[in-house]
Structures are given as structure tokens and as C-alpha cells.
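Here are a few notes to read with the model open beside you.

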Amino acid sequence: MKKLIYLFLCAVALMGCEDYLEKNDVTSQTEETFYRTEDDMYRALVAAYEPLQRNWGSTYQLTLDIASDDCYGGGGSATDGVDVKKVNRGNTTASEGMWSNIWNDHYAGVYRTNIFLEKVEASEITEDHKKEYTGEILFLRAYYYSNLVRLFENIPLITNTLSTSEYSQSQAAVDDVYAQIASDLEAAIVNLKGVTYSNAEKGRVTEWAPRALLARMYLFYDGVYGSGNGSTTMPGDVTASDVLGYLNDIIDDSGADLIDFASLWGHSDVDGTWIENSIEGIFEVQFSNQGESWQWWSAPYDTGNKMVVFVGPRGTPESSEYYSSWSFAPGTQQLYDSYEDGDIRRDLTLIDADLEMGEGTYTIGDQHTGYFNKKYAGLKSQVPEVGQEQLNFPQNYISIRFADVLLMASELEVKIGTNGNAVSHYNRVRARAFGTAYSPVGAVTLAEIFEERKLEFAYEAIRYFDLRRQGMDILTAAINATNLGGIYDSGVNAEARGFWPIPSSEIALSNYALEQNEGY
């Protein structure tokens with residue numbers, strides 16, 4: 001299951017595996033000599049996955065959760081994690097380190113995919129592997145760009161490695177970025193047709209992941225730049241009918257299905273029911289608690305899920321199963337209250353600290369609400385005997401789930417299809433949440449689907465983009481509803497239109513070829 005993580009230790013630095021060191025003089029390997037053999041290209045492939053694991057601190061998932069109405073900034077005190085608190089308050093600036101970290105990590109992924117694509121044809125690997133690996137690489141490049149364009153909107157589009165004279169890149173037209181994403185994903189679908197992996201290599205991209213990601217990107221584009229009703233054609237000539245067809249392919253042919261909701265999340269490890277890379281996971285970012293590094297800032301060697309230690313309760317009692325963490329992203333009362341009686345997801349999404357551990361038995365952090373991210377909370381039993389324990393939690397980040405496929409299909413059916421199909425997908429997700437007590441509904445609205453998405457995908461870096469694609473009025477109202485005054489002062493930068501600042505450091509490095517976004 002975690003084979004890819006181990007292999008990337010060799011791939012990133014072209015060293016680190018003893019058997020490889022015994023057979024090769026790595027000091028003689030350069031870009032010109034490396035990308036040749038099956039082993040070279042496989043390691044280059046794995047290296048392209050590595051930036052997905054860079055989730056130390058205020059990075060993609062944590063930042064997006066805090067930007068939404070799921071949670072506040074939190075942390076130990078008013079001066080702890082000021083950068084994410086500014087995101088929550090709508091007054092972040094371009095000089096905050098999180099934006100340059102997210103930008104650089106994603107463009108590191110873009111670079112690794114681009115160099116792979118340039119080298120693969122001249123390599124010595126089999127034609128089958130050329131096709132398969134290229135499919136994975138194209139998905140990864142589209143994935144990196146999908147995050148960049150939804151976060152920053154106005155970004156450089158780089159599809160080849162750059163010479164020194166080309167480093168000062170300006171921003172591309174937004175439509176060009178979406179067209180490239182569509183092209184990469186559609187090519188990935190073709191290249192990965194019928195490709196399967198052994199259990200040891202689960203976590204690699206299959207043909208189903210690009211189908212789901214293209215649907216996600218279509219819905220965002222349609223909501224932000226188009227009609228919002230499914231009549232938009234996304235650049236790359238992608239229509240609502242196209243992506244609904246892709247979603248139906250997943251539903252009908254992939255073998256994906258819903259599993260027990262509790263078993264998706266690492267806290268179910270306490271009773272042995274946790275299932276990673278399950279049939280519900282369409283694409284999961286792989287993590288391991290077996291990294292041997294003790295370095296806090298050495299991303300290439302920290303293979304654990306580093307966000308985990310940020311989000312759990314602080315100063316947990318000895319009797320608690322939860323690892324004592326740093327209390328970022330405390331859940332809002334609005335999120336807790338959104339769940340109906342009988343919905344199992346509430347108590348599997350949120351730790352009710354007073355109820356689970358006892359009032360006064362744990363340390364109160366900043367912006368305390370009593371609720372914490374349970375999906376990604378760490379357990380004491382998951383602490384390994386190797387490496388730096390805070391860096392070494394094994395929970396995968398489930399980026400795309402089958403439940404998301406069902407609810408995206410439901411949304412598109414409401415917009416361009418039949419309500420009967422929409423209801424079927426909607427009821428399937430709701431039935432898992434309520435069990436045998438659930439009474440299926442006979443019709444469903446878009447508002448009900450979006451509310452279901454809120455309940456299903458809290459703390460999964462999905463909610464903020466769901467709000468944004470419904471319109472700035474919906475985003476602003478949702479965030480303002482969590483503004484309780486005082487230290488709970490959530491807000492939205494309306495002038496920024498829901499996008500985030502181009503890092504000021506990147507503008508300077510581009511020799512000011514990059515221009516700052518509106519509102520910053």
C-alpha cells in the first residue's frame with residue numbers, strides 16, 4: 001500500500017536505496033544521463049507524485065478548510081498561526097508564506113511532470129509503460145494546475161522545462177489553463193484505459209481519477225465563469241454532457257462504491273476498521289508513518305501526513321486515544337448544528353471534545369469552539385518508533401471520493417438530465433449517513449445537493465470551492481454566518497472575488513512579469 005512512498009525516497013534525490021548505491025555511481029548521473037532505463041523512469045514517475053505530500057503547516061488542505069465556513073483558524077494563542085487566521089478573516093496579504101509555499105510546491109510538481117514528458121519518448125522503457133506512465137503524469141500535471149487556477153486564477157501556464165532566459169513568465173489567460181487541464185485529463189483517460197495495479201501500488205492514478213477531476217473542474221468553471229446551469233462549454237470543448245458521461249462511467253464500470261463512513265478515516269484505526277485506498281477512494285494522496293527523518297523542514301524525506309498534528313485537540317489527557325495536537329481549524333458551531341439527528345457523519349467528522357474527553361481535561365486553544373477535525377485527527381496508537389513523531393502520521397488525504405462522484409452526477413442530472421437519476425445518487429449518499437432509518441426522497445434540488453456536499457465533505461478542502469462556484473453572494477453569506485464577533489471574526493475580501501494573492505516573492509522573482517490579483 002505504501003510502496004510508492006518508500007520508492008520516492010530513492011526517486012527525489014537519485015539516491016538513498018542501498019541496492020541502488022551498490023550498483024551505480026550516482027555522482028555521475030545528471031539530467032542528461034538519468035532518464036533512460038525502466039528504473040530511471042519509474043523513479044522519475046514517483047518523484048512527480050512527491051509534491052502532493054508537502055502538507056507541512058499552512059498548506060493546501062488546511063488553508064482551504066479554514067477559508068471555508070467549516071472552521072476557524074485556531075492554534076495555541078492569538079499569535080499562533082496568524083497567517084491562517086488572516087485567511088479566515090479575509091485580510092490575508094501577498095507576503096504570507098503559505099501562498100509562496102503552495103505556489104512553489106505545485107509548480108515543483110508541474111516541473112517534474114514536464115521534464116518526464118520531455119524525456120519519456122527517448123527512454124528505454126517499454127511502449128506499454130510509456131503510455132501508462134504518461135497517463136499518470138498528465139493527470140498529475142492537470143491536478144497541480146487544477147489547484148493553482150482555482151486558488152490564484154491568474155497563473156503562468158508552463159508545459160515544458162524552461163531555460164534561464166525564460167524564467168520571467170507572465171500569466172496565461174484563464175481559459176488557456178482550463179483548456180490545458182482538459183487536454184491533459186482526456187489524454188490521461190485514454191492512456192490509462194484498463195490499467196490496474198497490485199495492492200502494493202494502490203495510490204497510483206487510474207483511468208477513473210481523470211474522469212472525476214474533469215467533472216470537478218467543469219463544475220467550478222461553469223459556476224465561476226459560465227452560466228452555472230450546465231449550459232457552459234468549458235475551454236477544451238468540454239460540456240456538461242461530457243463530464244456527466246464520465247461520471248456515469250465511474251458509477252457503472254469502475255467497481256467503486258461507498259463503504260462504511262467511519263472506515264474512511266484514521267480514527268477508526270482504534271477499533272481496527274480503518275480501510276485506506278478503499279473502493280471509495282478515487283484518488284488518495286499517500287502518506288506513511290514510517291518516515292525516518294527527524295527534520296522539520298525537509299519535505300522530500302518527510303513521508304507522513306504532517307497536517308494531522310495541526311488539527312487535533314491540544315493537551316489531551318492520558319486516557320484519551322487522541323494524540324495531543326495543536327488545535328488548529330476548530331469546527332464552527334454552524335457546522336455542528338448543520339447535521340440532523342441520526343446523521344452518523346457529525347460524530348465521525350467532528351470531535352466534541354467535552355463529550356469525548358471530558359470538560360477541563362484538555363488544553364483550550366485560540367478561537368476554541370469545543371469541536372475539532374476528527375477525520376484527520378491523529379491517534380496515540382499511530383505514533384511510530386521511527387523518525388519525528390509529529391511528522392509521521394499515516395492518514396492518506398482522500399482527494400476524490402466516490403461519494404463526490406455521486407453528488408457531482410446528481411448535480412449535473414438536476415441541471416441537464418433527469419431528476420430521477422439525481423435523486424437516486426443523492427439517496428445513495430444520504431442512506432449511508434442515516435442507515436435503515438432513512439426514508440428516500442422523491443425529488444431533489446440543487447440547494448439540497450450543496451447542503452449534502454457540505455455535510456459529506458467537511459474538512460476535505462472541498463467546501464470553499466463549492467461555495468465559490470455558487471457565487472460570491474453565497475460564499476460571503478456562509479462565511480459571515482460564522483462571524484460571531486470578537487476573536488471569531490470571519491470575513492471575505494469581496495474585491496478579490498474569492499481568489500488568493502499571487503505571492504509577492506514570486507512577482508519579484510519574475511522581474512515583475514507577474515501581476516497581482518485584484519483586491520491585494
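What covers the buried residues of α20? Point 1 takes that up, after a word on the source. This is a predicted model, in which local features need pLDDT of at least 70 and side-chain atom pairs count only at pLDDT 80 or more, while totals for chains, interfaces and linings use all residues. Residues are numbered from 1 along each chain as its sequence is written, and side-chain values use heavy atoms, with hydrogens and water left out.

1. **Helix α20.** The cover over the buried residues of α20 includes α5 (60-67), α6 (82-89) and α19 (463-470). Helices here are DSSP runs (H or I, at least four residues), numbered from the N terminus. Within α20 (residues 472-480), Met472, Leu475, Ala478 and Ile479 are buried, where buried means under 20% relative accessible area with a 1.4 Å probe, protein chains only. These residues lie on the same side of α20, because their arc around the axis is only 135°; the arc is that of the directions from the helix axis to the C-beta atoms. An α-helix has 3.6 residues a turn, so residues three or four places apart point the same way.

2. **Glu96.** This residue sits in the loop between α6 and α7 (97-119). Its relative accessibility is 12%, so Glu96 counts as buried. Neighbours within four places in sequence aside, Glu96 is in contact with Asp83 and Lys86, contact meaning heavy atoms within 4.5 Å.

3. **Helices α16 and α18.** Helix α16 (residues 402-416) packs against helix α18 (residues 446-457) at an angle of about 170°, their axes 10 Å apart. That makes the two roughly antiparallel, a term for angles over 145 degrees. Axes are lines fitted to C-alpha atoms, for helices over the stretch in contact, with angles running from 0 to 180 degrees between N-to-C directions. Among the residues making the contact are Leu407 and Val414 of α16 and Ile449 and Phe450 of α18.

4. **Val405.** Helix α16 also holds Val405, which counts as buried because its relative accessibility is 0%. Leaving out neighbours within four places in sequence, Val405 is in contact with Ala212, Leu247, Ile250, Ile251 and Ile282. Leu244 is 161 residues from Val405 in sequence, yet their C-alpha atoms are 9.6 Å apart in space.

5. **Helix α10.** Most of α10 is covered, with 16 of its 18 residues buried.

Definitions and conventions:
Angles under 35 degrees count as roughly parallel, over 145 as roughly antiparallel, 65 to 115 as roughly perpendicular and the rest as oblique. Buried means under 20% relative accessible area, exposed over 50%, partly exposed in between (1.4 Å probe, protein chains only).
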